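Biologist: I have the model open and would like to go through its packing. Shall we begin?

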Amino acid sequence: MDEDTPDWATIEGAVCLSHIVDTSLRESVGNATDRSCTICGRAAVGSEPAFAVAWDIVVEPFMRAFWREYERPEAAPTPSDLEDTTWAVGYLAQYAFDVSHIEAIGSLISDAIAVDEVSTYGAAISADGLSHEWDDFESTVKHESRFVFMGSDGPSARVQDFLRKLGELASDGSGLVSHLLPEDPLYRARTVAWDWSMTAKLPTSATELGPAPADRAAANRMSPAGIPMFYGAEDEATALNEVGAFSIAQHAVVGAFYPTRPLRMLDLRTASIFASPFDEQHLELRILLLFLEEFQQAISRPIVPDGRQHIDYVPTQVVAEFFRRAVNPPLDGIVFASAHTGNSNCVIFATDQNVANNGAVEAERSVGSILPDADYPEVLLTLDPSSVVLRRLVHRVDHEALGRFDGSRWSISEGNRYSLSRE
Ligand SMILES: [Zn+2]
């Protein structure tokens, strides 16, 4: 065991093996040896075989994981970096134990830990630790070295090292790669200025609804100005929210594009990004996946067109560029959860050259072009023009008060503090 791992008090008794839900934790505690449980009160009747395991045995791998993800309070640079030990144990315990007994188990374990507060700061593995890392990376690529990654240490080098490992991770069978199939529609919306007289000018073709040409491509979460990518969503509502939420436009046109072949996607939806904190064989995987979760949170944050996008989007653009260019076999795009609807959003590494109306490609080539197929840009997505609809964008007012001014100061309701401080 790590010599730095702090001690914990002995916990008497045993716990049912069935309360341990994490596979890795369960494996590390071995077979049942005990015939009673301090949590649910179950006791063996007659010659019933053992079904529980001593707390001593369970607590050891749990504590190893706990002290990988948390540090002693002295490590925290400021009091605001501290959190309650009970809360921290609860966070980890939710992955380890059956939810119906989580409170009893959580308090039993946190009572065995001598310190009342802990910190993720300086911990070997932690989501917050990676936040610090991501923040370092963000500030480096925003303000110092955006284009050149050099040196063997510093945030850029560490993130570059991360990226290389992430690239290796984006392999089939990893759970991080999924495929968008030719029958899966991808809805793409464009805001429009519209009144009756302008109906004939509405976008209806793949060229008009698809990505803007390179010389007009605006900066976006994952693509810098001048580098077009195709943003789409699995349903109309998500596509409309993405373009309409912070727009003053009152109308949008939306249409369904279909992949021409299965598209290989890096899948960042939450379900696919999890590595057990108790799986000691794959600790590096957990770090990488926590990093991807940070990335997914960064790219799904609503896009506010406040003029800062040229700077604020740089870190996600760098990571996306890496996935676009440096992964083998190549990825066709990234799928992630929308902050607006929770449904899937996609970015496809496609430009205006890689989209067409359905039927148009075959028609064009059958007229006997002298160009061989390889000289055409690959058409990745085709628009079904009969799917194109004009929608009204409704900007609504949320009637729940977010904060109140009492005459001298503001108080913001508890649940909204985090989202405000992040944006
Ligand atoms: Zn039990």
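Biologist: What percentage of the 423 residues of the chain count as buried?

Modeller: The share counted as buried is 33%. Buried denotes 20 or more other C-beta atoms within 10 Å of the residue's own, exposed 12 or fewer, and partly exposed in between, with C-beta atoms placed from the backbone. This is a predicted model, where local features need pLDDT of at least 70 and side-chain atom pairs count only at pLDDT 80 or more, while totals for chains, interfaces and linings use all residues. Residues are numbered from 1 along each chain as its sequence is written.

Biologist: How many helices and strands are there?

Modeller: The chain has 13 helices and 15 strands; these are DSSP runs numbered from the N terminus, helices being H or I of at least four residues and strands E of at least two.

Biologist: Why is helix H8 largely enclosed?

Modeller: H8 spans residues 236-244, and seven of its nine residues are buried, so the rest of the structure largely encloses it. Among them are Thr238, Asn241 and Glu242.

Biologist: Which strands do they pack against?

Modeller: The buried residues of H8 pack against S6 (186-192), S7 (230-233), S8 (251-259), S11 (344-348) and S13 (381-392).

Biologist: Turning to the largest nonpolar core, which residues have the most contacts inside it?

Modeller: Ile334, Cys346, Val347, Ile348 and Val355 do, in a core of 54 residues. Such a core is a set of buried Ala, Val, Leu, Ile, Met, Phe, Trp, Tyr and Cys residues joined through C-beta atoms within 7 Å. Helix H9 (residues 283-300) gives the most to this core, with eight residues. A second, separate core has 28 residues, including Ile20 and Ile109.

Note on methods: Contact = placed C-beta atoms within 7 Å.
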